[in-house]
Amino acid sequence: MYVQAVHTVKEIRDNLEIARRAGQVIGLIPTMGALHAGHIQNIRTARKECGLVVVSIFVNPLQFGPNEDYARYPRPLAEDLEMCRKNGVDVVFAPTVDEMYPFPQLTFVESPRVSQHLCGAHRPGHFRAVATVVLKLFNIVQPHRAYFGEKDAQQLAVIRAMTRDLNLPIRIVGVPTVREADGLALSSRNQYLGPEERRAAPTLYRSLQEAAGRVRSGETDPAKVCEAGLAVLKQEPLIRVQYFELVDPVEMQPVGEVRSPVLIAAAVWIGSTRLIDNVLV
Ligand code: AMP
């Protein structure tokens, strides 16, 4: 087995032409690289459902804030290609920034309501840039199906809203979060954590589970549910909470009372690393 890596829009389009004409189902897994078992889960899911599997690797500068980690974001392309090869990916699309943005980007797509709370409130312009680059990738690759992790629940909600609202002929598939044995959600950013920080990190998931437990045992007041989760986070001095909220899983709006399924989502800082996680109850 061998995986082909292509770097230009023309190459990826030419590459997919034969598969498209042959009527193969094309699956796309957009990533920023530094692939881990979470990405692999998305790839495996696509592998089962599609005739041709494309992974894109692109660290999109537009979705990073001025003080965020764009420059230090890991870019281990050779290892990523090897992981793709081992997991049966057919084509990797790894464009340069110039290839994706040959001209100043004058057009953007956004879902303001879905982007209003949670990460959107703390990362201005982030989801607009994510939606825009994903729409570009959709138009470049023209997949039938595209795979996204539930770990980034608000991102998934934005992509679902964009796809539905703009009538994109693409099936969006959400893939359950892959975790370490101690509960920490896999993330390319986990490698920033020092040993003490890594020890503290699973507290994030524990706090979400504590909150989820309250909901399951009948608590309907979001404030009380958050209080229970925050109490767990407070026990860990290395953690600073950015947000801990209950929202509806489609529009990502705060809920006044827990009735139908609710997403409990949190973001924390551990040192200079920002981690997010969520559970759906
Ligand atoms: P990223 O490279 O971090 O932008 O992630 C690329 C895709 O992989 C996104 O759809 C993520 O939601 C997904 N992903 C990241 N971490 C995980 C995880 N732990 N489990 C499942 N999917 C994940």
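## The parallel sheet

Strand E5 (residues 145-149) and strand E6 run parallel, joined by 5 bridges. Within this pair, Arg145 stands opposite Arg171 of E6. The model described here is predicted.

E5 and E6 belong to an open sheet of 6 strands. The order across the sheet is E1-E4-E3-E2-E5-E6, and the pairing is parallel. Which strands stand at the edges? They are E1 (4-6) and E6 (171-175). Each has a single partner strand, so one side of each is left without a neighbour in the sheet. From one strand to the next, the twist averages 25 degrees.

## Helices on the sheet

Helix H2 (residues 37-49) packs on this sheet. H2 touches strand E2 (26-31), strand E3 (52-57), E5 and E6. The direction of H2 makes about 155 degrees with that of E5.

Helix H3 (residues 77-86) lies across E1, E3 and strand E4 (91-93). H3 runs at about 165 degrees to E3.

## Helices H6 and H7

Two packed helices are described by the angle between their axes and the distance between the axes. Take helix H6 (residues 126-141) and helix H7 (residues 153-165). Their axes come within 10 Å and cross at roughly 55 degrees. That angle makes H6 oblique to H7. The crossing of H6 past H7 is right-handed.

Which residues make the contact? H6 supplies Phe127, Val130, Ala131, Val134, Leu135 and Phe138. H7 supplies Gln154, Gln155, Val158, Ile159, Met162 and Thr163. By class, the contact of H6 with H7 has 9 nonpolar residues, 3 polar and no charged.

## Helices H9 and H10

Now turn to helix H9 (residues 203-216) and helix H10 (residues 222-234). The two axes come within 8 Å and cross at roughly 155 degrees. H9 is therefore roughly antiparallel to H10. H9 passes H10 in a right-handed crossing.

On the H9 side, the contact is made by Thr203, Leu204, Arg206, Ser207, Glu210, Ala211, Arg214 and Val215. On the H10 side, Val225, Ala228, Gly229, Val232 and Leu233 take part. The residues of this contact divide into 7 nonpolar, 3 polar and 3 charged.

## Strands E7, E8 and E9

Strand E8 (residues 263-270) pairs with two strands. Strand E7 (residues 239-247) and E8 pair in the antiparallel sense over 8 bridges. Here Val247 stands opposite Leu263 of E8. E8 also pairs with strand E9 (residues 273-280), again in the antiparallel sense and over 8 bridges. In that pair, Ala267 stands opposite Ile276 of E9.

How covered is E8? Of its 8 residues, 7 are buried, so the strand is mostly covered. E8 and E9 form a hairpin with 2 residues between the strands. In this hairpin, Gly271 takes a positive phi near 60 degrees.

## A closer look at Leu275

Leu275 is found in strand E9. Is Leu275 buried or exposed? Its relative accessibility is 4%, so Leu275 counts as buried; the cut-off for buried is under 20%.

What does Leu275 touch, leaving out residues up to four places away in sequence? Its contacts are Leu184, Asn190, Leu193, Ala201, Leu204, Ala266, Ala267, Val268 and Ile270. One of these, Leu204, also takes part in the contact of H9 with H10. Another, Ala267, is the residue that stands opposite Ile276 of E9. Leu275 and Ala185 are 90 residues apart along the chain, yet their C-alpha atoms are separated by 8.9 Å.

Methods
Residues numbered from 1 in each chain as written. Predicted model: local features only at pLDDT ≥ 70, side-chain atom pairs only at ≥ 80, totals over all residues. Heavy atoms only, no water. Buried < 20%, exposed > 50% of the residue type's maximum accessible area, 1.4 Å probe, protein only. Helix = DSSP H or I, 4+ residues; strand = E, 2+ residues; numbered from the N terminus. Pairing = 2+ DSSP bridges. Axes fitted to C-alpha atoms, helices over the stretch in contact; angles between N-to-C directions. Parallel < 35°, antiparallel > 145°, perpendicular 65-115°, else oblique. Left-handed = near helix turned anticlockwise from the far one by under 90°. Contact = heavy atoms within 4.5 Å. Nonpolar A, V, L, I, M, F, W, Y, C, P; charged D, E, K, R; others polar.
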